[in-house]
Amino acid sequence: MYLNNMKLIEDKNLTHSNYYNDTDYVSNSILNYLSNNSPEYCRYMMDNPQPATAAMKFGSALHMNVLQPEEFNNHYKISPKFDKRTKQGKADAAEFANNNMFKTVLSGKDYDLIEMLTLKLMKDNDAKTLLTKGLKEHIITWHNEEYDIKCRGMLDVYRPEQGIIVDLKTTQDSSYNAFASSVRKFKYYKQAAFYMDAVRAQEFYIVAIEKNPPFSINIIQLGNDLLDKGREMYNRELEIYKYCMDNDYWPSEGYDYLNKKSERTIHIMDSDIL
């Protein structure tokens, strides 16, 4: 069951254009840096936002094409092929870049793949129903009163009346066993609990589609046991984040937050590496 210590905040200054550069709110991604790396790394990433990778750009383009197709052409441009070995080709490429400097440019190959994935999703009745009804790419901000921390999230699809959140993810393998491994590796259950608690949602679905033909699709609903584990995990991360903020202390590895002492020596056993 969701926790009752969240209070939604209406912040109209946080938009899709500045969401990933925001420093006022804590996101699930920031919390991941704490547990996957260290508080020191988390602080560095907060102070030095990294440019989107090619995979991230592809994912964002796919999301917009599926969830907000009416907005796609306002944000993306497909690059034609230019023969930059010639003077004319170089001039055409420069003109294209100048005319589209405020848009994200996609290769024809990436765009074709995005179109194929979108078409496959829209032909699947269950996936289409989950992805086309509700608020799309919906930004939420809230105050976690227990730790006095402001948080943010972006919900792919949110149906407030039904208390349903839907997340679209690409994967190499959408089969049950393989995607269960992805859920564990990328801690999707923590992300789900983080968002569900914020808006008091009751159900969280993942629409997983493979990036290679035949673009197989699977729909996953996370169970309460996993959500409880995710809830415990994100609260532990918020506790660490709060301690680091209050004390302006961002150690690397080996700090025992429970007993407030350093434990810098790491003991590696043969069972860990053999």
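User: Leaving aside neighbours within four places in sequence, which residues is isoleucine 164 in contact with?

Analyst: This is a predicted model. In it, isoleucine 164 is in contact with Val157, Tyr158, Arg159, Glu203 and Tyr205, once neighbours within four places are left aside. Contact here means heavy atoms within 4.5 Å.

User: What makes isoleucine 164 count as buried?

Analyst: Its relative accessible area is 10%. Buried means under 20%. Isoleucine 164 is therefore buried. The residue lies in strand β6, residues 164–171.

User: How far apart are the C-alpha atoms of isoleucine 164 and valine 199?

Analyst: They are separated by 9.6 Å. Along the chain, the two residues are 35 residues apart.

User: Why is the pair aspartate 47 and arginine 43 called a salt bridge?

Analyst: The closest N and O atoms of the pair are 2.9 Å apart. The cut-off is 4 Å, between a side-chain nitrogen of Lys or Arg and a carboxyl oxygen of Asp or Glu. The pair therefore qualifies. Both residues lie in helix α2, residues 39–47, and are 4 residues apart, about one turn of the helix.

User: Are aspartate 47 and arginine 43 buried, partly exposed or exposed, and how do you know?

Analyst: Aspartate 47 has a relative accessible area of 48%. Arginine 43 has 23%.

User: What makes arginine 231 and aspartate 197 a salt bridge, and what does the pair tie together?

Analyst: The closest N and O atoms are 2.8 Å apart. With a limit of 4 Å, the pair therefore counts as a salt bridge. Arginine 231 lies in helix α10, residues 224–247, and aspartate 197 in helix α9, residues 188–199. The pair therefore ties together parts that are 34 residues apart in sequence.

User: Are arginine 231 and aspartate 197 buried or exposed?

Analyst: Arginine 231 is buried, and aspartate 197 is buried as well.

User: How do you know that aspartate 246 and lysine 242 form a salt bridge?

Analyst: Their closest N and O atoms are 3.5 Å apart. That is within 4 Å, so the pair is a salt bridge. The two residues are 4 residues apart in helix α10, about one helical turn.

User: What puts the buried residues of α2 on the same side of the helix?

Analyst: The buried residues are Pro39, Cys42, Met45 and Met46. They cover an arc of only 125° around the axis, which puts them on the same side of α2. The buried residues of α2 pack against α1 (28–36) and α10.

User: What share of the protein is buried, and what share of contacts joins residues at least 24 apart?

Analyst: Buried residues make up 41% of the 274 residues. Among contacts between residues at least 6 apart in sequence, 67% join residues at least 24 apart. The protein has 11 helices and 10 strands.

Methods. Residues numbered from 1 in each chain as written. Predicted model: local features only at pLDDT ≥ 70, side-chain atom pairs only at ≥ 80, totals over all residues. Heavy atoms only, no water. Buried < 20%, exposed > 50% of the residue type's maximum accessible area, 1.4 Å probe, protein only. Arc of directions from axis to C-beta.
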